[in-house]
Amino acid sequence: MDRMPEEDDVSPVSTAPATPTPPPFKMLPLIMDFEDFSICQPAPFSYDDKAMLELERCDYTQRITYHMARAGKTTRRVRVYADGIYDLFHQGHARQLMQAKNVFPNVYLIVGVCNDELTLRMKGRTVMNGFERYEGVRHCRYVDEIVPNAPWTLNEEFIEEHKIDFVAHDDIPYGAGGVNDIYAPLKAKGMFVATERTEGVSTSDIVARIVKDYDVYVRRNLARGYSAKELNVSFLSEKKFRLQNKMDELKTRGKRELTKVKVDIITKWEEKSREFIDAFLLLFGRERLNTFWNESKGRIIQALSPPGSPNGSVNGDDPDATDDLDSEDEYMELPPDYGSASCGSLSRKLKRPDKVNASANLNYSEQPEQRDVVNERRSD
């Protein structure tokens with residue numbers, strides 16, 4: 001008999017909400033069904049159900065004139081047709097289709113694309129095949145419908161079949177099959193609207209660029225892994241192109257290394273320049289210049305103003321006595337009765353009697369009566 005599970009045996013149930021699994025991302029194959037992509041879809045072909053339904057809804061018995069279309073006074077969408085090769089679909093093609101879409105209010109734009117056989121016979125070889133050209137045009141946002149295998153010249157049967165109201169093309173006469181302008185009958189009926197070409201760009205111009213830079217593109221594709229057979233290049237040409245690729249690779253590597261060396265040199269120079277600037281500011285900065293000026297100011301003043309003569313006597317007099325001599329000493333003139341010998345010994349400065357000791361020399365600046373008294377005292 002099986003044992004009933006106890007409460008302890010029951011594992012707790014998580015109450016956290018489960019994380020929703022994101023829907024798988026649907027990849028877009030080259031050829032696919034667009035029914036699941038309702039927001040934005042490429043333009044249908046004329047034989048698709050969507051295009052056939054639009055054709056059935058159109059009441060072609062109500063013919064629309066140019067003035068009615070321009071005024072927007074129509075009871076249905078105006079069906080405008082534009083055709084071309086559309087090889088290497090570029091901005092010139094897109095601008096032409098944009099003009100055709102906006103030539104009238106409420107336009108349903110139908111674009112006819114010629115197939116490879118007709119294009120090769122009437123114009124020449126194309127770069128892109130018919131399928132690539134169809135896909136390029138039908139993914140343009142201005143296009144509402146694609147007509148594959150479009151004819152080179154439009155006739156009444158084709159216009160009635162697709163219920164075309166107007167044909168859009170540039171106004172330059174386009175001759176073919178011995179006719180000067182294949183759009184002349186449509187112009188006479190008032191069913192032609194002119195668009196403007198985009199100057200400076202065309203499929204022929206793009207092909208001319210490729211032919212001009214043929215070696216560059218061949219070398220690029222060889223470097224990307226294409227074989228010489230796929231590029232229709234001979235054995236010798238392949239070796240030449242690969243050698244050129246190798247030389248370019250070496251040049252690029254050399255330039256890269258040289259750039260690194262230049263960057264290193266510039267970085268080191270910047271570091272050294274910062275050190276030089278710091279040292280210069282340390283030596284010749286404002287504070288250093290003030291200190292240098294204060295230290296050198298005294299020397300500069302001394303150099304510009306030399307000191308005066310020394311205070312001492314040339315004859316060896318006591319320098320301490322110079323102050324007394326300057327303030328209190330007097331110069332004495334000897335009497336004329338003294339000879340030249342005694343004059344030489346007495347020609348120096350003599351101090352006043354009140355500052356001389358009794359044993360000092362006589363002061364001849366006194367009066368003659370005083371000299372006699374002194375002499376008598378000496379004789380006693």
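Rings of Phe, Tyr and Trp (its six-membered ring) are paired here if their centres lie within 6.5 Å, with planes under 30 degrees apart called stacked, over 60 edge-to-face and the rest tilted. Ring pairs of this kind link Phe45, Tyr47 and Tyr134 into a cluster.

The model is predicted: local features need pLDDT of at least 70, side-chain atom pairs count only at pLDDT 80 or more, and totals for chains, interfaces and linings use all residues. Residues are numbered from 1 along each chain as its sequence is written, and side-chain values use heavy atoms, with hydrogens and water left out.

By the ring rule, the count comes to nine aromatic pairs. Two of them are listed below.

| Pair | Geometry | Centre to centre | Angle between planes |
|---|---|---|---|
| Tyr66 and Phe104 | edge-to-face | 5.6 Å | 75° |
| Trp152 and Tyr174 | tilted | 6.5 Å | 45° |

Helices (H or I, at least four residues) and strands (E, at least two) are DSSP runs, numbered from the N terminus. Tyr66 belongs to helix α2 (residues 66-71), while Phe104 lies in the loop between α3 (91-101) and β2 (107-113), so the pair links distant parts of the chain, 38 residues apart. Trp152 is in the loop between β3 (145-148) and α6 (156-161), and Tyr174 is in the loop between β4 (166-170) and α7 (184-189); the pair thus ties together parts 22 residues apart in sequence.

Relative accessible area (1.4 Å probe, protein chains only) under 20% means buried, over 50% exposed, and in between partly exposed. Phe104 is buried at 3%, whereas Tyr66 is partly exposed at 34%. Likewise, Trp152 is buried at 13% and Tyr174 is partly exposed at 30%.
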